[in-house]
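Please look over the sequence and the structure before reading on.

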Amino acid sequence: MSLIPRQKVPALALETLAHGRFDLAAETPDFATLVVFYRGLHCPICATYLKELERLTPAFAERGVTTLALSSDDRERAEAMAEKIGAQALRIGYGLPLQVARDWGLYTSAGRGTTSIGIEEPELFSEPGVFLVRTDGTLYFASVQTMPFVRPHFQEMVGALDFVRKNDYPARGEYTGAV
């Protein structure tokens, strides 16, 4: 089942590489937390995507949004990804249980061997998802992918946040009644 805007998201707590334990319930941003699930070290598109998020993390912070990128990779693979993207401001989480990924509505893929960059895919891993979670733990925005391609652009999100905050724009997609 998909998550519903304006409703609570599932619990999310895991270790990060350089920022201690992350617990979404304990986050206290001014506006929201941007949670970015990525496929893992084996994904070259993820590395490019996360480099952009690292670059824009200060712009998100200026708008009251904290950031986290996470995957089911182990610590060693997460460290390799952090090094690859030059992570400093962006928190990198690791060890995401696949059941938790599924609770968030993410798709799961089976590994198919070595990727184009020569890194073995894990036996199972989650596909990408981007979620903006308000300070009260409710979903504001979500984008879930079945493939590594065509993800939301972070620069566009930064601009949208200015509009959203200025106009107190509500989360949309919340209606669950009969149609």
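Is E79 buried, partly exposed or exposed? E79 is partly exposed, with a relative accessible area of 37%. Here buried means under 20% relative accessible area, exposed means over 50%, and partly exposed lies in between (1.4 Å probe, protein chains only).

## Basis of the model

The model is predicted: local features need pLDDT of at least 70, side-chain atom pairs count only at pLDDT 80 or more, and totals for chains, interfaces and linings use all residues. Residues are numbered from 1 along each chain as its sequence is written, and side-chain values use heavy atoms, with hydrogens and water left out.

## The sheet

Five strands make an open sheet with mixed pairing, in the order 5-4-3-8-9. Strands (E, at least two residues) and helices (H or I, at least four) are DSSP runs numbered from the N terminus, and two strands pair if DSSP finds at least two bridges between them. Strand 5 and strand 9 are at the edges with a single partner strand each, so one side of each has no neighbour in the sheet. Direction ignored, neighbouring strands of this sheet are turned by 20 degrees against each other on average.

Strand 3 pairs with strand 4 in the parallel sense over six bridges. Within this pairing, T33 stands opposite T66 in strand 4, and V35 has L68 in strand 4 as its bridge partner. Strand 3 also pairs with strand 8, in the antiparallel sense and over six bridges. There, V36 is opposite V130 in strand 8.

Strand 3 is largely enclosed by the rest of the structure, because six of its six residues are buried.

Strand 8 (residues 129-134) is mostly covered, with five of its six residues buried. Strand 8 runs antiparallel to strand 9 (residues 139-144), and five bridges join the two. One of the paired positions is G129, whose bridge partner in strand 9 is V144. The hairpin of strand 8 and strand 9 has four residues between the strands, and G137 in this hairpin takes a positive phi near 85 degrees.

## Helix 1 and helix 2

Two packed helices are described by the angle between their axes and the distance between the axes. For helix 1 (residues 44-62) and helix 2 (residues 75-85), the axes come within 9 Å and cross at roughly 60 degrees. Axes are lines fitted to C-alpha atoms, for helices over the stretch in contact, and angles run from 0 to 180 degrees between N-to-C directions.

Which residues of helix 1 and helix 2 meet? C46, A47, L50, K51 and E54 in helix 1 meet M81, K84 and I85 in helix 2, where contact means heavy atoms within 4.5 Å. By class, this contact of helix 1 with helix 2 has five nonpolar, no polar and three charged residues. In this classification, Ala, Val, Leu, Ile, Met, Phe, Trp, Tyr, Cys and Pro are nonpolar, Asp, Glu, Lys and Arg are charged, and the others, Gly among them, are polar.

## Salt bridges

How many salt bridges does a search of the whole structure find? The search finds ten salt bridges, each a side-chain nitrogen of Lys or Arg within 4 Å of a carboxyl oxygen of Asp or Glu. One of them joins R91 to E27, with the closest N and O atoms 2.9 Å apart. This pair links distant parts of the chain, 64 residues apart: R91 is in strand 5 (residues 91-93), and E27 is in the loop between strand 2 (21-23) and strand 3 (32-37). R91 is buried at a relative accessible area of 15%, and E27 is buried at 14%.

Another salt bridge is formed by R63 and D162, whose closest N and O atoms are 2.7 Å apart. R63 lies in the loop between helix 1 and strand 4 (65-70) and D162 in helix 4 (residues 154-167), 99 residues apart. D162 is partly exposed, with a relative accessible area of 37%.

R75 forms a salt bridge with E79, the closest N and O atoms lying 2.9 Å apart. Both R75 and E79 are in helix 2, four residues apart, about one turn of the helix. R75 is partly exposed, at a relative accessible area of 35%.
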